[in-house]
Amino acid sequence: MASPRLRASLCQLFVVVACLSSTCLALYEDQVGVRDWHQQYIGRVKHAVFQTQGTGRKRVVVATEQNAIASLNLRTGDIYWRHVLGETDNIDALEISMGKYVLTLSKGNTVRAWHLPDGALIWETRIQAFQGFNLGLIKLPVDIDGDKVNDLFVYSGSILTAISGADGATLWRVDAAGSKNIFIEKVVLAPEEGKAYGLGFFGIMGVALVEIDLKTGDLSDLKSAELSSMLSTEHLHVTSDYAVALQSDAESLVVALINSHKELIVVETPVSSILTNPGTSLKLLSTNLEGVISLSSDDQTVILKVDPTTGKLSLVERLTGAVAVSDSLSVLDDKYATAIVEFSEEGSAQNVFNLRVKGNDFSDEVQKETVKLPSHRGFIQKAFLNAYVRTDRSHGFRALVVGEDDSLSLLQQGEVVWTREDGLASIVDASPAELPLEKDGVSVAEVEHDLAEWLKGHIMKMKATLFLATPDELAAVQRARLNQADKTKHTRDHNGFRKLLVVLTKAGKISALHTGDGHVVWSLLVPSLRASYGNPRFSPLKIFQWQVPHQHALDENPVVLILAQADPGYDVKGALSWIDVHKGTELQSVKLSYSVTQVVTTPVTDSSEQRLHLLIDNRKRAHLFPATEESLALFLKYKENAYFYEVDKADQKMHGYGLLDLVDPSTGNIKEGYVFESRKLWSIVFPAETESITTVVTRKSDEVTHTQTKVLSNRDILFKYLNKNLVFVATVAPKDKSQVGAVSPEEKTLVVYLVDTVTGRILHRVSHPNMQGPVHAVLSENWVVYHYFNLRQHRYEMSVLEIYDQSRLPDKGVIQLMLGQHNSSVPISSYSPVNLEVKQQSYFFTFTVKTMTVTSTAKGITAKQLLLGTVNDQVLALDKRLFDPRRTLTPTPAEQEEGILPLTDSIPISPQSYLTHSYQVEGLRGLLTIPARLESTSLVFAYGLDLFYTHTAPSKIYDSLTEDFSYALLLVTIVVLFLSIIVTYVLSERRELAEKWK
Amino acid sequence: MAVLLKPIFCFSGHLVLFCVLCGCFVASTAYSSGDDLYAVEGQVKLESLRGKSIGKVANIKVVFDGGEQVSFLRTDGSFVFEGVPPGTHLLEVTALGYFFPPVRVDVSSRMPGQIRASYVEGPRRTLDGLVLEPLREENYYEIREPFSLLGLLKSPMGLMIGFMVICVFLLPKLMDSIDPEEMKRLQEAQRAHPSPVAQFLQGRT
């Protein structure tokens with residue numbers, strides 16, 4: 001199949017892979033789960049459909065805001081199957097048909113049918129749609145095309161489409177707006193066979209009802225009712241007996257009754273006549289309720305009963321505080337049940353909720369329970385009701401609830417049956433933190449307490465390596481290595497493998513995960529970021545390591561700082577919150593009256609190891625935190641060296657700033673930090689018509705470099721250009737800047753710059769014609785690796801730039817060296833003249849890349865690996881040696897000795913170099929690398945919809961024995977040696993005696 | 001109003017691809033752009049995935065233009081992308097346990113709806129239709145070498161033991177093979193001019 005040329009290139013790749021495999025640490029299948037863990041999530045649930053009838057396993061199918069569809073086990077919450085749709089493929093509706101098809105409507109125009117037991121896609125079809133209008137999917141009780149599969153019906157704006165349930169073929173389609181000028185909001189099935197009614201807005205001043213023939217799609221019998229004033233077209237509440245709309249000025253509610261002749265009778269009721277205190281922001285909620293409607297205003301939810309004969313509205317319930325109302329559930333023929341979940345009281349660690357299930361038109365209460373949920377789940381924001389039949393034939397109810405932290409819980413009989421931490425599917429930022437030190441008083445002797453036990457374990461292990469063990473023993477060995485007791489201890493370990501991963505989720509919840517097995521150590525729904533009436537909601541942006549105690553402040557707990565941005569339209573623009581990482585409590589919080597554009601972490605720490613941070617606002621003023629006298633004094637000394645830069649993507653400019661004097665603290669609020677004015681030092685203007693900034697990458701602030709030189713095989717020295725203020729900027733041709741394909745290659749050029757952010761000097765510029773983004777890049781030490789798309793070859797490419805400082809070349813002046821004037825010992829300054837040599841090389845790369853990072857180790861001695869999140873949602877670890885601009889087609893023996901690989905036109909990928917091995921990190925968004933205390937090892941945390949954690953050792957584990965080192969074999973060898981010494985001693989004694997007798 | 005054309009592939013055995021345009025004219029208002037948009041249909045050869053199954057066929061995704069669109073495989077392995085503008089596009093198949101080489105798809109703007117597909121890597125080779133198959137299976141794990149005596153001997157500890165054995169059993173033999181007369185002379189010579197090591201050892205004893 002493969003041509004000789006392809007084969008030859010494959011052979012070449014194989015050689016490189018073979019060269020690499022000696023250094024790459026691949027995983028054996030039985031090592032899965034020893035160092036790594038993988039967790040699957042689905043995200044915040046927005047639709048849920050239960051499948052509890054029949055004999056099959058009870059499930060609930062959910063669709064989430066992260067575009068995932070999943071079938072969950074109703075008893076345990078485990079995932080049976082899950083699919084994550086494309087990024088723009090938002091799920092609008094979800095249904096289960098005939099007990100075996102899951103139907104989804106996404107993006108407003110794509111209908112898919114999935115097989116319920118195994119999640120296979122049965123068919124997929126595109127329909128026409130008016131974007132941005134009300135969407136709905138209805139399974140029909142009839143079979144239009146006679147293929148014994150019930151068909152379905154989609155309304156998307158005014159276009160109605162009937163789709164065959166068997167293969168997704170369009171049966172008929174009508175445009176109701178075009179033919180009848182009705183914008184259908186909802187379709188209700190009529191009691192008669194083959195008929196349905198569509199209700200919708202008739203212009204903006206009316207409501208209309210149209211009869212739909214399900215067999216043919218004919219619209220007939222249009223009945224409309226004009227109104228005196230404009231309607232709010234946000235929502236029309238429709239049931240089979242009436243439709244309710246709110247007027248655009250929110251003055252009155254309009255009920256359009258449907259009488260037996262299918263005519264509309266309009267009854268207008270002023271809101272003030274029903275509600276004494278209607279509030280300011282009255283809104284009709286889009287819940288599917290029967291017999292009642294729900295309105296929200298300010299901080300209350302009002303439930304109004306609608307009389308189906310007279311259209312009279314009456315107040316049923318006024319619910320204040322946090323309330324979630326489920327859709328109405330049809331229990332028996334015309335019996336409905338609706339759940340209300342109210343927040344009742346706040347406990348110390350748990351919140352108490354009332355779950356009330358109401359019967360028809362809310363007159364009776366069928367079930368009432370109180371449920372306790374941990375307080376870090378916040379309020380309940382969504383509820384889905386499901387009924388089951390008890391042993392005494394009465395109906396019981398269970399409810400699936402979505403918490404404020406996006407978690408999903410199943411409540412039944414006042415108990416939480418299971419909870420899924422699905423907030424972890426939307427991690428915004430992650431940061432590592434140290435665990436507490438082991439205290440002397442705490443006994444640690446639980447592990448390996450019994451020598452006999454320990455020896456037994458090792459002998460079993462040896463038997464396993466010698467393939468002598470029975471399957472039972474093998475299982476025992478595997479169990480023992482997976483459940484090492486010390487893996488999940490909550491104290492620091494010698495190698496620095498045990499750490500906390502502090503993750504911040506979109507819902508404003510901060511959690512600490514243990515690196516041992518990924519369990520949640522603590523969670524906190526950050527109180528100061530929660531929305532409350534009259535205050536904005538804050539969306540969290542980033543975590544900063546505020547206080548990392550070491551040296552003299554060891555007793556302090558580490559603290560992280562959360563930066564959050566407020567919803568627009570409020571005086572408060574942002575918030576800061578300080579969280580104690582060991583206790584999981586909020587220490588302090590500040591609301592900011594300015595919006596923060598960036599945060600500069602300074603290298604200065606105060607006496608309690610709190611790091612000084614500068615918050616830059618949109619007026620380019622710097623706010624110093626912590627706002628203490630001590631930090632101010634420290635910072636004033638450092639101020640001359642504080643610079644920051646800004647990338648203005650809108651104007652295609654970069655600006656650099658230096659700090660001016662302190663603004664008099666008495667004029668402002670000290671709590672919001674000491675304010676410094678800044679002045680613009682430099683600007684770089686990119687030609688906006690040909691270049692648009694797409695990627696800006698800096699070095700990791702905590703990166704450690706071991707040596708500034710590189711010794712070549714001929715004992716020459718190259719000096720790395722290690723500038724901490726280096727920034728990599730990539731620009732691409734302006735239009736379609738992030739789209740692959742669909743453009744002619746001629747005018748597309750990718751230009752990359754290396755900029756010093758203190759002086760604004762462009763140190764290097766490379767232009768790549770016929771290339772385009774998206775650009776992913778990594779900047780580390782003195783090199784940059786970036787990934788982009790080659791339009792001419794139509795494949796991805798990666799380039800490496802290595803920057804060497806020629807001005808520091810040793811001039812071998814011994815006297816100068818003795819006088820300490822040797823230029824290699826002069827500190828690097830951005831202002832000193834530079835003479836750089838930039839080496840460059842490019843390679844083809846197979847995959848689309850989602851994210852990219854580099855490993856980091858404690859001292860920076862170990863070689864580096866590039867970690868790439870591929871389109872397959874796998875994490876690929878590639879040796880930096882593959883990205884070495886000194887690679888040549890035929891390296892000389894000296895270069896080979898140096899470890900330079902022969903040049904290949906594309907980067908070879910061996911399947912063993914996937915860190916995620918046989919897992920996928922669905923929806924991969926970010927990679928975090930953390931140095932372990934063991935120099936050889938770097939910890940890797942990948943997050944997206946799923947979470948994955950593992951260790952990687954770019955140059956193999958050279959500083960500790962590997963986990964599968966056989967102590968027993970060592971012991972046996974020693975014993976054998978000892979015995980042989982004795983035996984040979986005895987033998988030689990005898991022989992000597994015999995000699996003497998001669 | 002844009003026009004959506006649905007090309008259908010004629011899977012002939014030749015490399016040249018015939019595209020028959022089906023006269024299925026569908027009025028589309030979903031796309032605001034004035035360009036003509038096409039559908040790209042293809043198939044993943046499911047027979048080639050039967051070997052082993054780390055991931056299920058249901059989990060295989062086809063990614064268009066690096067994530068612009070994502071499609072799933074139907075039970076027969078077919079997939080479709082709709083609303084594709086003319087130009088050159090990239091198609092990737094993500095299947096755990098298999099390596100699918102990326103494919104470029106050229107949607108012609110001059111001959112409406114004509115589609116050519118070829119592998120991006122290696123020599124340009126047109127695909128028959130858009131039938132994709134994996135280049136190879138991927139094994140993510142290192143295979144444990146089965147236990148062998150030679151392997152054990154090659155390990156550092158094995159070498160050590162081997163060397164010891166040689167010392168213990170072969171060296172005396174070597175001594176024996178030396179002529180007794182020669183041996184005596186040697187010993188005498190040693191006694192006459194003791195080496196520093198021997199002196200040191202004697203001094204200790």
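This is a predicted model: local features need pLDDT of at least 70, side-chain atom pairs count only at pLDDT 80 or more; totals for chains, interfaces and linings use all residues.

I looked up one open sheet of chain A and found four strands in the order E49-E52-E53-E54, with antiparallel pairing. I then checked the edges: strand E49 (692-698) and strand E54 (762-769) of chain A each have a single partner strand, so one side of each has no neighbour in the sheet.

**Pairing entry.** Next I followed E49(A) to its partner E52(A), residues 726-732, and found six bridges joining the antiparallel pair. Within this pairing, I noted that Val697(A) stands opposite Phe728(A) in E52(A).

**Cavity entry.** How many cavities of 30 Å³ or more does the whole structure have? My search gave six. I listed its lining: of 17 residues, Arg112(A), Glu124(A), Arg126(A), Gln69(B) and Val70(B) are the closest to the centre. Two or more lining residues come from each of strands E8 (110-115) and E9 (121-126) of chain A, and E5 (69-72) and E6 (78-84) of chain B. By class, I wrote down eight charged, six polar and three nonpolar residues for this lining.

**Second cavity entry.** The second largest cavity has about 50 Å³ of space. Its lining includes Asp702(A), Glu703(A), Lys864(A) and Pro931(A). I sorted the lining of this second cavity into three charged, three polar and two nonpolar residues.

Key:
Residues are numbered from 1 along each chain as its sequence is written. Chains are lettered from A and ligands numbered from 1 in the order in which they are written. Side-chain values use heavy atoms; hydrogens and water are left out. Two strands pair if DSSP finds at least two bridges between them. On a 1 Å grid over the protein atoms alone, a cavity is a set of points where a 1.4 Å probe fits but cannot get out, and a pocket is an open set with protein on both sides within 12 Å along at least five of seven lines; lining residues have an atom within 4 Å of a point. Grid points are joined across faces, edges and corners, and a volume is the space filled by probe spheres set on the points. Ala, Val, Leu, Ile, Met, Phe, Trp, Tyr, Cys and Pro count as nonpolar, Asp, Glu, Lys and Arg as charged, and the others, Gly among them, as polar.
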